[in-house]
Amino acid sequence: MSALSENADSPLKKKPPSWSDIWLRNTKPLKHVVFTMPLQSLSPKDPKSQSIIPTFANIDRTLLLSDELLLQILSKLPHLQRNPNSLVCKRWLNLQGRLIRSLKILDWDFLESGRLFTRFPNLTHVDLLNGCLLSPRDSGILLTHRLVSMQMGSGFCSNRKFLEEDLLPVEAVDKGLQALANGCPNLRRLVVINASELGLLTVAEECLTVQELELHKCNDNVLRGIAACENLQIVKLVANVDGLYSSSVTDIGLTIVAQGCKRLVRLELSGCEGSFDGIKAIGQCCLMLEELTICDHKMDDGWLAGLSYCENLKTLKLLSCKRIDRSPGRDEYLGFCPALERLHLQKCQLRSKKSVRALFRVCEAVREIVIQDCWGLNNDMFRFASVCRRVKLLSLEGCLLLTTEGLEAVILSWQDLENLIVVSCKNINESDISPALATLFSILKELRWRPDAKSLLASSLVGTGMGKKGGRFFKRT
């Protein structure tokens with residue numbers, strides 16, 4: 001025992017190194033750690049520097065807000081600022097997609113793959129027209145029409161139907177409509193081309209809130225599909241477009257629409273065929289119809305008389321019609337629209353006296369007449385408008401054959417006229433204004449008088465002293 005104790009107390013025995021010895025001897029490897037640590041000031045003069053809590057400026061404060069609250073904030077911002085906001089982060093991108101309600105599809109795969117509904121889950125207005133076109137993306141040739149704008153290749157001929165040969169197959173369009181109906185149950189507006197009856201039936205069954213439908217390249221069979229859309233209020237049917245595609249909507253299709261969509265408020269027929277029977281069916285079944293637009297029609301003679309069955313019609317628009325009605329029939333069979341308030345004629349050919357006379361006879365109850373860029377409207381044609389005794393507003397633009405005498409003969413007979421607009425009618429001259437016409441101008445509530453460029457220049461120089469043959473600036477000394 002004594003021997004063991006002596007060996008334990010011997011100075012020659014080496015002790016194991018302690019942690020403090022290791023720290024003091026080997027400080028070189030730890031120098032880079034010590035010197036890179038931020039030095040905290042212990043001075044009481046800077047209490048902010050003693051805080052160990054990180055600064056709040058480096059934290060995303062929007063993380064404290066719920067998605068619902070942040071959505072309300074983003075929805076209040078201007079529309080022009082919404083796209084830049086979606087670039088902030090992925091969360092804002094997803095929230096921004098939930099605010100989008102209307103979208104125009106350009107890539108059909110985006111719809112079929114389902115990414116559309118993940119990115120934009122709350123869509124209510126969808127336009128599939130451009131997405132149904134098979135056009136080269138890298139082409140420098142752009143075809144623009146009032147209905148569609150598309151890129152096209154260089155190997156085309158002048159006599160081909162452009163959209164007829166560049167559309168998705170009917171089966172592909174129906175498949176996309178089925179995906180859309182399943183992904184957007186709250187759909188309210190749809191624009192589509194080259195769809196079939198089955199595709200529209202799918203939309204009608206799954207999307208009960210559809211209120212507005214625009215169909216391109218439709219026919220009588222396709223229109224059977226929209227008869228199941230009981231809540232439709234706005235319908236636009238485009239059957240035939242010269243140079244783009246051709247289809248046919250006859251009295252059969254118009255009758256199907258009339259019997260299936262009885263809540264219609266606005267109806268537009270573009271390139272449609274039909275006759276008196278089709279228009280009569282619409283007037284008798286669609287009792288809520290207030291606005292009817294007919295564009296470039298192919299209807300048979302006598303269709304004008306069917307308008308008298310639209311008892312609640314308030315607005316009638318004729319656009320780009322090459323003819324109105326070649327044989328409208330006798331006056332006693334024409335009738336008139338008792339509730340009609342507005343008649344708009346734009347880019348129509350008014351060359352037949354029978355047609356123009358019958359049109360104003362049917363529309364004799366109107367209060368507003370707007371005629372814009374119509375060919376053939378001379379003094380004799382415009383004189384038929386005198387049958388409309390309740391007119392309060394008359395707007396003439398681009399009526400190049402109408403003269404001051406023809407205008408005066410009609411508007412002096414209108415006792416209720418309050419607003420007169422004359423623009424770009426070169427044969428209406430200020431020098432031909434009679435005292436009676438000048439008196440009428442003085443009592444009007446609104447007078448916009450710019451029949452030609454000279455009148456526009458003269459009105460803009462009033463009070464400036466210019467336009468007096470240099471009498472003010474070039475006096476002889």
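At what angle do helix H11 (residues 251-260) and helix H12 (residues 276-285) pack, and how far apart are their axes? In this predicted model, the angle is about 0° and the axes lie 8 Å apart. Angles under 35 degrees count as roughly parallel, and H11 and H12 are therefore roughly parallel to each other. From H11, the contact involves Asp 251, Leu 254, Thr 255, Ala 258 and Gln 259. From H12, Asp 277, Gly 278, Ala 281, Ile 282 and Cys 285 take part. Five residues of this contact are nonpolar, three are polar and two are charged.

The chain as a whole contains 18 helices and 15 strands. It has 477 residues, and 41% of them count as buried. Among contacts with a separation of 6 or more, 66% link residues 24 or more positions apart. The accessible surface of the chain is about 27,600 Å². Carbon and sulfur atoms account for 54% of that surface.

Helix H14 spans residues 353-362. Its buried residues are Ser 355, Val 356, Ala 358, Leu 359, Phe 360 and Val 362.

Strand E9 (residues 291-295) holds Thr 293. The relative accessible area of Thr 293 is 6%. Buried means under 20%, so Thr 293 is buried. Leaving aside residues up to four places away in sequence, Thr 293 touches Leu 267, Glu 268, Leu 269, Lys 317 and Leu 319.

Notes:
Residues are numbered from 1 along each chain as its sequence is written. This is a predicted model: local features need pLDDT of at least 70, side-chain atom pairs count only at pLDDT 80 or more; totals for chains, interfaces and linings use all residues. Side-chain values use heavy atoms; hydrogens and water are left out. Helices (H or I, at least four residues) and strands (E, at least two) are DSSP runs, numbered from the N terminus. Buried means under 20% relative accessible area, exposed over 50%, partly exposed in between (1.4 Å probe, protein chains only). Contact means heavy atoms within 4.5 Å. Accessible areas come from the Shrake-Rupley method with a 1.4 Å probe; for residues, only the protein chains shown count as cover. Axes are lines fitted to C-alpha atoms, for helices over the stretch in contact, and angles run from 0 to 180 degrees between N-to-C directions. Angles under 35 degrees count as roughly parallel, over 145 as roughly antiparallel, 65 to 115 as roughly perpendicular and the rest as oblique. Ala, Val, Leu, Ile, Met, Phe, Trp, Tyr, Cys and Pro count as nonpolar, Asp, Glu, Lys and Arg as charged, and the others, Gly among them, as polar.
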